[in-house]
Amino acid sequence: MGLIKRLGLFGGVGFIGLLALVFGGLYIGSSNALGETYQLETYAIEIPEGDDDALERGKYLVNHVMSCNHSDCHRADFGGGAVIDAQPIGRVYAPNLTTGEGSVTKDYKPEDWVRILRHGIKRDNTRALIMPSEDYHSFPDEDLAAVVAYIKSQPPVNRANEGHSLGPIGMLLTISEPVFAYDKIDHKAERPKAERGPTKEWGKVMIGACTGCHGATLSGGKIPGGDPSWPASRNITPDPETGIGKWSYDDFKKALTTGVRPDGTTLLEMMPWKAYAGMDEDDIKALWEYLQTVPAKPAGNR
Ligand code: HEC
(Lines give C-alpha, C1' and ligand atoms only; values in the text may rest on other atoms or scores of the structure.)
Protein backbone atom coordinates (compact mmCIF):
# COMPACT_ATOMS: atom_id res chain seq x y z
CA MET A 1 0.00 0.00 0.00
CA GLY A 2 1.36 3.42 -0.92
CA LEU A 3 2.11 5.94 1.75
CA ILE A 4 -0.61 8.29 0.59
CA LYS A 5 -3.22 5.51 0.63
CA ARG A 6 -2.08 4.37 4.04
CA LEU A 7 -2.30 7.91 5.39
CA GLY A 8 -5.75 8.17 3.82
CA LEU A 9 -6.82 4.97 5.55
CA PHE A 10 -5.47 6.19 8.87
CA GLY A 11 -7.27 9.47 8.36
CA GLY A 12 -10.53 7.65 7.58
CA VAL A 13 -10.29 5.40 10.61
CA GLY A 14 -9.33 8.40 12.73
CA PHE A 15 -12.34 10.34 11.50
CA ILE A 16 -14.72 7.49 12.22
CA GLY A 17 -13.13 7.11 15.65
CA LEU A 18 -13.60 10.82 16.30
CA LEU A 19 -17.24 10.63 15.20
CA ALA A 20 -17.82 7.67 17.51
CA LEU A 21 -16.23 9.63 20.35
CA VAL A 22 -18.34 12.72 19.70
CA PHE A 23 -21.50 10.67 19.35
CA GLY A 24 -20.70 8.66 22.47
CA GLY A 25 -20.09 11.88 24.40
CA LEU A 26 -23.34 13.35 23.15
CA TYR A 27 -25.22 10.20 24.03
CA ILE A 28 -23.87 10.12 27.56
CA GLY A 29 -24.34 13.86 28.08
CA SER A 30 -27.89 13.78 26.78
CA SER A 31 -28.86 10.63 28.72
CA ASN A 32 -27.53 12.29 31.86
CA ALA A 33 -29.49 15.47 31.14
CA LEU A 34 -32.70 13.55 30.49
CA GLY A 35 -32.24 11.19 33.42
CA GLU A 36 -31.18 13.74 36.06
CA THR A 37 -33.71 13.83 38.90
CA TYR A 38 -34.88 16.84 40.90
CA GLN A 39 -36.55 16.59 44.28
CA LEU A 40 -39.17 19.26 44.41
CA GLU A 41 -41.57 19.79 47.28
CA THR A 42 -44.98 20.61 45.93
CA TYR A 43 -48.52 20.85 47.19
CA ALA A 44 -51.95 19.55 46.29
CA ILE A 45 -54.67 21.65 44.72
CA GLU A 46 -58.30 20.72 44.79
CA ILE A 47 -59.37 19.53 41.35
CA PRO A 48 -63.00 20.64 40.88
CA GLU A 49 -64.09 17.59 38.89
CA GLY A 50 -67.74 17.77 37.86
CA ASP A 51 -68.06 21.49 38.71
CA ASP A 52 -69.65 23.04 35.61
CA ASP A 53 -68.24 26.54 36.08
CA ALA A 54 -64.74 25.20 36.61
CA LEU A 55 -65.04 22.90 33.58
CA GLU A 56 -66.14 25.86 31.48
CA ARG A 57 -63.17 27.92 32.71
CA GLY A 58 -60.81 24.99 32.09
CA LYS A 59 -62.18 24.50 28.58
CA TYR A 60 -61.63 28.19 27.81
CA LEU A 61 -58.07 28.22 29.13
CA VAL A 62 -57.11 24.99 27.38
CA ASN A 63 -58.56 25.98 24.03
CA HIS A 64 -57.99 29.71 23.87
CA VAL A 65 -55.10 30.59 26.19
CA MET A 66 -52.83 27.63 26.93
CA SER A 67 -53.24 25.60 23.72
CA CYS A 68 -52.42 22.28 25.43
CA ASN A 69 -54.13 20.46 22.57
CA HIS A 70 -52.39 22.54 19.87
CA SER A 71 -52.27 20.39 16.74
CA ASP A 72 -48.54 19.71 17.16
CA CYS A 73 -48.59 19.07 20.91
CA HIS A 74 -51.00 16.86 22.91
CA ARG A 75 -53.37 16.77 19.91
CA ALA A 76 -57.05 17.77 19.66
CA ASP A 77 -58.13 14.56 21.46
CA PHE A 78 -55.42 14.93 24.18
CA GLY A 79 -54.18 11.47 23.22
CA GLY A 80 -50.67 12.76 22.45
CA GLY A 81 -48.33 12.61 19.49
CA ALA A 82 -44.93 13.65 18.22
CA VAL A 83 -44.15 17.36 18.60
CA ILE A 84 -41.07 16.96 16.42
CA ASP A 85 -40.30 13.85 14.42
CA ALA A 86 -37.43 14.54 12.07
CA GLN A 87 -33.81 13.42 12.00
CA PRO A 88 -31.27 14.59 12.98
CA ILE A 89 -33.29 16.05 15.90
CA GLY A 90 -35.24 12.84 16.40
CA ARG A 91 -38.62 12.40 18.04
CA VAL A 92 -39.93 14.50 20.91
CA TYR A 93 -43.22 13.09 22.10
CA ALA A 94 -46.10 14.83 23.90
CA PRO A 95 -47.80 12.06 25.87
CA ASN A 96 -51.39 10.93 26.22
CA LEU A 97 -53.19 12.98 28.91
CA THR A 98 -56.50 11.10 28.85
CA THR A 99 -57.44 8.18 31.06
CA GLY A 100 -57.07 5.70 28.18
CA GLU A 101 -54.37 3.09 27.68
CA GLY A 102 -50.97 4.65 27.21
CA SER A 103 -51.84 7.60 29.46
CA VAL A 104 -49.03 9.02 31.58
CA THR A 105 -51.37 11.06 33.79
CA LYS A 106 -53.99 8.42 34.67
CA ASP A 107 -52.61 7.96 38.18
CA TYR A 108 -51.45 11.54 38.69
CA LYS A 109 -52.27 12.98 42.10
CA PRO A 110 -53.11 16.71 42.30
CA GLU A 111 -49.55 17.46 43.47
CA ASP A 112 -48.15 15.65 40.42
CA TRP A 113 -50.17 17.99 38.20
CA VAL A 114 -48.81 21.00 40.09
CA ARG A 115 -45.27 19.67 39.74
CA ILE A 116 -45.48 19.29 35.96
CA LEU A 117 -47.60 22.35 35.18
CA ARG A 118 -45.86 24.84 37.47
CA HIS A 119 -42.35 23.42 37.60
CA GLY A 120 -41.78 21.21 34.56
CA ILE A 121 -40.97 18.11 36.61
CA LYS A 122 -42.45 14.73 35.71
CA ARG A 123 -43.65 12.10 38.12
CA ASP A 124 -40.32 10.29 37.96
CA ASN A 125 -38.66 13.57 39.08
CA THR A 126 -36.94 14.18 35.72
CA ARG A 127 -37.42 17.38 33.75
CA ALA A 128 -39.99 17.52 30.96
CA LEU A 129 -38.50 18.33 27.56
CA ILE A 130 -40.05 21.16 25.45
CA MET A 131 -43.26 21.15 27.57
CA PRO A 132 -43.71 24.91 28.21
CA SER A 133 -44.40 24.84 31.97
CA GLU A 134 -43.04 28.40 32.20
CA ASP A 135 -46.20 29.43 30.33
CA TYR A 136 -48.43 28.14 33.11
CA HIS A 137 -46.37 29.23 36.09
CA SER A 138 -48.08 32.60 36.51
CA PHE A 139 -51.67 31.36 36.52
CA PRO A 140 -53.56 31.05 39.82
CA ASP A 141 -54.18 27.65 41.40
CA GLU A 142 -57.91 27.82 40.58
CA ASP A 143 -57.08 28.17 36.90
CA LEU A 144 -54.63 25.28 36.87
CA ALA A 145 -57.14 23.17 38.79
CA ALA A 146 -59.86 24.05 36.26
CA VAL A 147 -57.55 23.06 33.39
CA VAL A 148 -56.80 19.71 35.03
CA ALA A 149 -60.51 19.09 35.73
CA TYR A 150 -61.30 19.79 32.08
CA ILE A 151 -58.53 17.51 30.79
CA LYS A 152 -59.70 14.76 33.13
CA SER A 153 -63.23 15.11 31.77
CA GLN A 154 -62.11 14.21 28.24
CA PRO A 155 -63.00 10.83 26.73
CA PRO A 156 -60.27 8.20 27.12
CA VAL A 157 -58.04 7.71 24.09
CA ASN A 158 -55.99 4.53 23.77
CA ARG A 159 -52.67 5.57 22.26
CA ALA A 160 -49.29 4.23 23.32
CA ASN A 161 -46.72 6.70 24.60
CA GLU A 162 -43.94 6.44 22.04
CA GLY A 163 -41.63 8.53 24.17
CA HIS A 164 -38.65 10.57 23.04
CA SER A 165 -36.06 9.13 20.72
CA LEU A 166 -33.42 11.74 20.05
CA GLY A 167 -31.03 11.90 17.14
CA PRO A 168 -27.59 13.56 17.39
CA ILE A 169 -28.87 17.13 17.09
CA GLY A 170 -31.70 16.47 19.56
CA MET A 171 -29.10 15.11 21.99
CA LEU A 172 -26.91 18.15 21.46
CA LEU A 173 -29.87 20.47 22.13
CA THR A 174 -30.54 18.83 25.51
CA ILE A 175 -27.04 19.92 26.51
CA SER A 176 -26.67 23.22 24.67
CA GLU A 177 -30.08 24.92 24.69
CA PRO A 178 -32.63 25.76 27.38
CA VAL A 179 -35.02 22.97 26.42
CA PHE A 180 -36.19 22.23 29.96
CA ALA A 181 -38.76 24.67 31.37
CA TYR A 182 -37.55 23.69 34.86
CA ASP A 183 -34.27 25.52 34.22
CA LYS A 184 -36.04 28.71 33.14
CA ILE A 185 -38.58 28.99 35.95
CA ASP A 186 -37.84 30.90 39.13
CA HIS A 187 -39.46 28.30 41.38
CA LYS A 188 -39.45 30.49 44.47
CA ALA A 189 -40.80 33.62 42.77
CA GLU A 190 -44.07 34.91 44.10
CA ARG A 191 -46.78 34.66 41.49
CA PRO A 192 -48.44 37.88 40.33
CA LYS A 193 -51.73 38.23 42.17
CA ALA A 194 -54.57 39.86 40.28
CA GLU A 195 -58.29 39.67 39.74
CA ARG A 196 -59.39 38.86 36.23
CA GLY A 197 -60.15 41.96 34.17
CA PRO A 198 -58.90 44.22 31.35
CA THR A 199 -55.97 45.47 33.45
CA LYS A 200 -52.19 45.38 33.20
CA GLU A 201 -52.15 43.45 36.49
CA TRP A 202 -54.17 40.58 35.03
CA GLY A 203 -52.17 40.97 31.81
CA LYS A 204 -49.04 40.13 33.79
CA VAL A 205 -50.63 36.77 34.64
CA MET A 206 -51.89 36.18 31.10
CA ILE A 207 -48.56 37.06 29.48
CA GLY A 208 -47.12 33.93 31.10
CA ALA A 209 -48.76 32.03 28.25
CA CYS A 210 -46.62 33.87 25.69
CA THR A 211 -43.17 33.58 27.27
CA GLY A 212 -42.34 30.01 26.23
CA CYS A 213 -42.22 31.12 22.60
CA HIS A 214 -41.59 34.88 22.82
CA GLY A 215 -39.03 34.61 25.65
CA ALA A 216 -38.98 36.06 29.15
CA THR A 217 -38.31 39.58 27.79
CA LEU A 218 -40.91 39.04 25.01
CA SER A 219 -38.50 40.23 22.32
CA GLY A 220 -38.77 36.95 20.38
CA GLY A 221 -36.20 34.94 18.47
CA LYS A 222 -35.44 31.29 17.86
CA ILE A 223 -37.60 29.01 20.00
CA PRO A 224 -35.14 26.84 21.96
CA GLY A 225 -34.96 23.18 21.06
CA GLY A 226 -37.30 23.60 18.13
CA ASP A 227 -37.37 21.87 14.81
CA PRO A 228 -35.35 24.01 12.36
CA SER A 229 -38.59 24.47 10.40
CA TRP A 230 -40.16 26.32 13.33
CA PRO A 231 -40.24 30.06 12.63
CA ALA A 232 -38.59 32.41 15.10
CA SER A 233 -41.12 34.17 17.31
CA ARG A 234 -41.39 37.92 16.85
CA ASN A 235 -40.72 40.88 19.08
CA ILE A 236 -43.85 41.90 21.00
CA THR A 237 -42.18 44.57 23.16
CA PRO A 238 -42.97 48.25 22.38
CA ASP A 239 -39.79 48.66 20.31
CA PRO A 240 -40.93 50.90 17.42
CA GLU A 241 -38.61 49.35 14.81
CA THR A 242 -38.59 45.59 15.44
CA GLY A 243 -41.47 45.28 17.92
CA ILE A 244 -45.08 46.38 18.07
CA GLY A 245 -44.40 49.95 19.28
CA LYS A 246 -46.23 51.48 16.32
CA TRP A 247 -49.26 49.20 16.60
CA SER A 248 -52.67 50.29 17.89
CA TYR A 249 -54.79 48.12 20.17
CA ASP A 250 -56.91 47.18 17.14
CA ASP A 251 -53.80 46.08 15.21
CA PHE A 252 -52.82 43.88 18.16
CA LYS A 253 -56.28 42.37 18.54
CA LYS A 254 -56.45 41.67 14.82
CA ALA A 255 -53.03 39.98 14.71
CA LEU A 256 -53.72 37.97 17.85
CA THR A 257 -57.13 36.71 16.78
CA THR A 258 -56.97 36.55 12.96
CA GLY A 259 -53.23 36.24 12.35
CA VAL A 260 -53.26 39.29 10.07
CA ARG A 261 -50.50 41.84 10.75
CA PRO A 262 -50.90 45.58 10.06
CA ASP A 263 -48.96 45.17 6.79
CA GLY A 264 -51.54 42.62 5.63
CA THR A 265 -49.28 39.55 5.86
CA THR A 266 -50.56 36.50 7.73
CA LEU A 267 -48.76 34.96 10.70
CA LEU A 268 -47.73 31.33 10.55
CA GLU A 269 -49.80 28.92 12.59
CA MET A 270 -46.93 28.20 14.94
CA MET A 271 -48.24 31.39 16.55
CA PRO A 272 -51.51 29.99 17.94
CA TRP A 273 -53.76 32.76 16.62
CA LYS A 274 -56.44 30.25 15.67
CA ALA A 275 -56.72 29.36 19.36
CA TYR A 276 -56.55 33.04 20.40
CA ALA A 277 -59.44 33.78 18.01
CA GLY A 278 -61.66 32.64 20.88
CA MET A 279 -59.93 34.73 23.55
CA ASP A 280 -62.15 37.01 25.67
CA GLU A 281 -61.87 40.70 24.87
CA ASP A 282 -60.96 41.48 28.51
CA ASP A 283 -58.02 39.08 28.31
CA ILE A 284 -56.82 40.62 25.03
CA LYS A 285 -57.05 44.10 26.58
CA ALA A 286 -55.20 42.89 29.67
CA LEU A 287 -52.36 41.53 27.50
CA TRP A 288 -52.21 44.81 25.59
CA GLU A 289 -52.18 46.93 28.78
CA TYR A 290 -49.37 44.82 30.21
CA LEU A 291 -47.35 44.93 26.98
CA GLN A 292 -47.41 48.76 27.15
CA THR A 293 -45.45 48.50 30.41
CA VAL A 294 -42.63 46.16 29.35
CA PRO A 295 -39.24 47.63 28.38
CA ALA A 296 -38.75 48.00 24.61
CA LYS A 297 -36.03 45.64 23.38
CA PRO A 298 -34.60 45.00 19.94
CA ALA A 299 -35.80 41.72 18.42
CA GLY A 300 -34.14 38.48 19.40
CA ASN A 301 -33.12 39.29 22.99
CA ARG A 302 -35.26 36.56 24.50
C1 HEC B 1 -46.25 28.22 20.33
C2 HEC B 1 -45.46 29.45 20.24
C3 HEC B 1 -46.14 30.79 20.46
C4 HEC B 1 -46.95 31.18 21.52
C5 HEC B 1 -47.42 30.35 22.70
C6 HEC B 1 -47.25 32.58 21.29
N7 HEC B 1 -46.67 33.01 20.13
FE8 HEC B 1 -46.89 34.86 19.29
N9 HEC B 1 -45.76 34.25 17.72
C10 HEC B 1 -45.13 33.03 17.59
C11 HEC B 1 -44.41 32.99 16.33
C12 HEC B 1 -43.58 31.82 15.82
C13 HEC B 1 -44.63 34.23 15.71
C14 HEC B 1 -44.11 34.67 14.34
C15 HEC B 1 -44.99 34.05 13.27
C16 HEC B 1 -44.63 34.53 11.90
O17 HEC B 1 -43.61 35.21 11.75
O18 HEC B 1 -45.42 34.26 10.98
C19 HEC B 1 -45.49 35.00 16.61
C20 HEC B 1 -45.95 36.28 16.34
C21 HEC B 1 -46.72 37.06 17.20
C22 HEC B 1 -47.20 38.39 16.93
C23 HEC B 1 -46.93 39.19 15.66
C24 HEC B 1 -45.81 40.16 15.86
C25 HEC B 1 -45.38 40.83 14.58
O26 HEC B 1 -44.54 41.72 14.62
O27 HEC B 1 -45.88 40.47 13.52
C28 HEC B 1 -47.89 38.81 18.03
C29 HEC B 1 -48.58 40.16 18.23
C30 HEC B 1 -47.86 37.75 18.99
N31 HEC B 1 -47.14 36.69 18.46
C32 HEC B 1 -48.41 37.81 20.24
C33 HEC B 1 -48.47 36.74 21.12
C34 HEC B 1 -49.11 36.79 22.41
C35 HEC B 1 -49.74 38.02 23.04
C36 HEC B 1 -49.01 35.53 22.95
C37 HEC B 1 -49.55 35.02 24.26
C38 HEC B 1 -50.98 35.20 24.50
C39 HEC B 1 -48.31 34.70 21.97
N40 HEC B 1 -47.98 35.46 20.89
C41 HEC B 1 -48.02 33.35 22.15
C42 HEC B 1 -45.20 31.98 18.46
C43 HEC B 1 -45.96 31.94 19.61
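What share of the 302 residues in the protein is buried? Buried residues make up 46% of them. Keep in mind that this is a predicted model.

Start with the overall layout. The protein has 11 helices and three strands. Read along the sequence, they follow the pattern α-α-β-β-α-α-β-α-α-α-α-α-α-α. The C-alpha trace spans about 80 × 50 × 35 Å along its principal axes. Now turn to the contacts with a separation of 6 or more. Residues 24 or more positions apart account for 67% of these.

Next come the domains. The domain assignment of the protein gives domain 1 (52-184) and domain 2 (200-291). Their C-alpha centres lie 22 Å apart. How many residues of domain 1 are in contact with domain 2? The count is 22, and they touch 24 residues of domain 2. About 1,700 Å² of area is buried between domain 1 and domain 2. Carbon and sulfur atoms give 58% of that area. On the domain 1 side, Tyr60, His64 and Asp135 lose the most area to domain 2. Together they make up 26% of what that side buries. There is one salt bridge between domain 1 and domain 2.

Now look at the aromatic rings. A pair of rings is described by two things: the distance of the centres and the angle of the planes. A search of the whole structure finds five aromatic pairs. Take Tyr38 and Tyr182. Their ring centres are 4.6 Å apart. Their planes meet at 50°, so the pair is tilted; the tilted class lies between stacked, under 30 degrees, and edge-to-face, over 60. This pair links distant parts of the chain. Tyr38 sits in the loop between α1 (3-35) and α2 (52-66). Tyr182 belongs to helix α6 (residues 181-184). Tyr38 has 17% relative accessibility, so Tyr38 counts as buried. Tyr182 has 16%, so Tyr182 counts as buried too.

Tyr108 and Trp113 form another of the aromatic pairs, and this one is edge-to-face. The centres lie 5.2 Å apart, with 70° between the planes. Tyr108 is buried, and so is Trp113. Elsewhere, ring pairs link Tyr249, Phe252 and Trp288 into a cluster. The charged end of Arg127 sits over the ring of Phe180, 3.9 Å from its centre.

Charged partners are the next stop. The structure holds 18 salt bridges. One of them joins the side chains of Asp143 and Arg57, at 2.9 Å from N to O. Asp143 lies in helix α4 (residues 141-152) and Arg57 in helix α2, so this bridge ties together parts that are 86 residues apart in sequence. Where do these charged residues stand on accessibility? Asp143, at 3% relative accessibility, counts as buried. Arg57 is at 12% and counts as buried as well.

Lys184 and Glu134 also meet through their side chains in a salt bridge, at 3.0 Å from N to O. This pair again links distant parts of the chain. Lys184 is in helix α6, while Glu134 is in the loop between α3 (110-119) and α4. They are 50 residues apart. Lys184 is at 36% relative accessibility and counts as partly exposed. Glu134, at 13%, counts as buried.

Now consider Lys193 and Glu190. They form a salt bridge whose closest N and O atoms are 3.8 Å apart.

Some salt bridges share partners. Bridges of this kind join Glu36, Arg127 and Asp183 into one network. Arg127 is also the residue whose charged end sits over the ring of Phe180. Finally, the side chains of Lys222 and Glu177 meet in a salt bridge, at 3.4 Å from N to O.

Note on methods. Residues are numbered from 1 along each chain as its sequence is written. Side-chain values use heavy atoms; hydrogens and water are left out. Rings of Phe, Tyr and Trp (its six-membered ring) pair if their centres lie within 6.5 Å; planes under 30 degrees apart count as stacked, over 60 as edge-to-face and the rest as tilted. Helices (H or I, at least four residues) and strands (E, at least two) are DSSP runs, numbered from the N terminus. Buried means under 20% relative accessible area, exposed over 50%, partly exposed in between (1.4 Å probe, protein chains only). A charge sits over a ring if NZ of Lys or CZ of Arg is within 6 Å of the ring centre and within 35 degrees of the ring normal. A salt bridge is a side-chain nitrogen of Lys or Arg within 4 Å of a carboxyl oxygen of Asp or Glu. Domain bounds come from an automatic or database domain assignment. Contact means heavy atoms within 4.5 Å. Buried area is the accessible area (1.4 Å probe) that two parts lose on being put together, summed over both.
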